[in-house]
Amino acid sequence: MTAEVKCLVWDLDDTLWDGTVLEGDRPVPFHEAVSALRTLDERGVLHAVASRGDRARALDHLIEQGLDGLFTLEEIGWGPKSEALRRIADTLGIGVDSVAFIDNDPLERAEVSAALPAVRTYPAEAAGSLAGLPEFRTGPVTEESRQRRLLYRREAERRRAKESYTGPPAEFLATLGLELAVRRAAEHDLVRASELTVRTHQLNTTGRTYDLAELRALCDSPSHQVLVADLTDRFGAYGTVGLALTEHREDTSCLQLLLLSCRVMSRGVGPALIGHLVRDALATGRRPTAEFVPTEVNRVMLVNLRFSGFEVLSRTGDTLLLGYGSASPPPATTGPVRVVCR
């Protein structure tokens, strides 16, 4: 399966536009490039810049052409472009294998390929065909995908606020006013819920994927509960960041899938959502249990479960079964996240 591109990084001169800003040109953007920018942005593919030149002049020209708002990050200077791409991936919190790069200069593309072999590279003349490539077909267009660029821009604001905060990290989180709204998944949530199962690997307890029909059937099942979680803070909405699938059995409530968007890894959302699920199960007289399938990248979710009071009960093949070790629910107010039910 072709891994999808989460961020396309653009060179500017002779790639996005026809000419060189530093040489005094006022180049016009290529029609095919602008079309690719807008089409992929609509699908939720992020755009960034890695270009040589004077940063201020390049940004001024982006603004003049009305394109500045389409880019999440701009790396403009004179260092190796592979280093710029690495910084972009680190800032966005995505793997370099989710990054693609388009540049008119074959030497620049070769430098990136040598330093970061997982990054896919394209010549400038390929801009018009990018939207048709498998790696850029991200599935159904959702409201979440349309808003992805804005969500990452808000995250940049949070990051700047954190960098300027002089107190401990825990105190900074408390200033955000984090609120997690947990509700039963409705029909309009299912595309996003399915997308989360496909896109989320690190903060995922079992790695199981579900299509729309499967999620719809689970929502209709009297023995299952499908919950989604939306996060907001003082900077605005994060969107739908969590999904929990639970099977209610006679005396247990088994969490078959819990996943969270990587964008909220450091927000304390995991313990907050797990605590809510535990309280909900205990309120029905069932013992909370959870399945966990270890992978190379999801150990943090096992840590979340263990710190939330779960202990390993058994192992069947690759699957661990964990159980909540107390008859008392965890307190509802621990941590920086306030949970509300909708």
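**Helix packing, a leucine and an aromatic pair**

Biologist: At what angle do the axes of α8 and α9 cross?

Modeller: Keep in mind that this is a predicted model. Helix α8 covers residues 190–199 and helix α9 covers residues 212–220. Their axes come within 9 Å, and they cross at roughly 115°.

Biologist: So are α8 and α9 roughly parallel or roughly perpendicular?

Modeller: The crossing angle is roughly 115°. Angles of 65 to 115 degrees count as roughly perpendicular, so α8 and α9 are roughly perpendicular to each other.

Biologist: Which residues of α9 make the contact with α8?

Modeller: α8 passes α9 in a right-handed crossing. On the α8 side, the contact is made by Leu190, Val191, Ala193 and Ser194. The residues of this contact divide into six nonpolar, one polar and one charged. On the α9 side, they are Leu212, Leu215, Arg216 and Cys219.

Biologist: Is leucine 282 buried or partly exposed?

Modeller: Leucine 282 lies in helix α10, residues 269–283. Leaving out residues up to four places away in sequence, it touches Pro288, Tyr324, Ser326, Ala327, Ser328 and Pro329. Buried would need under 20% relative accessible area. Leucine 282 has 22%, so it is partly exposed.

Biologist: How are the rings of tyrosine 165 and phenylalanine 172 arranged?

Modeller: The structure holds three aromatic pairs, and tyrosine 165 with phenylalanine 172 is one of them. Tyrosine 165 is partly exposed at 32% relative accessible area, whereas phenylalanine 172 is buried at 4%. Their ring centres are 5.6 Å apart and the planes lie at 55°, so the pair is tilted.

Methods: Residues numbered from 1 in each chain as written. Predicted model: local features only at pLDDT ≥ 70, side-chain atom pairs only at ≥ 80, totals over all residues. Heavy atoms only, no water. Axes fitted to C-alpha atoms, helices over the stretch in contact; angles between N-to-C directions. Helix = DSSP H or I, 4+ residues; strand = E, 2+ residues; numbered from the N terminus. Parallel < 35°, antiparallel > 145°, perpendicular 65-115°, else oblique. Left-handed = near helix turned anticlockwise from the far one by under 90°. Contact = heavy atoms within 4.5 Å. Nonpolar A, V, L, I, M, F, W, Y, C, P; charged D, E, K, R; others polar. Buried < 20%, exposed > 50% of the residue type's maximum accessible area, 1.4 Å probe, protein only. Phe/Tyr/Trp six-rings, centres within 6.5 Å; stacked < 30°, edge-to-face > 60°.
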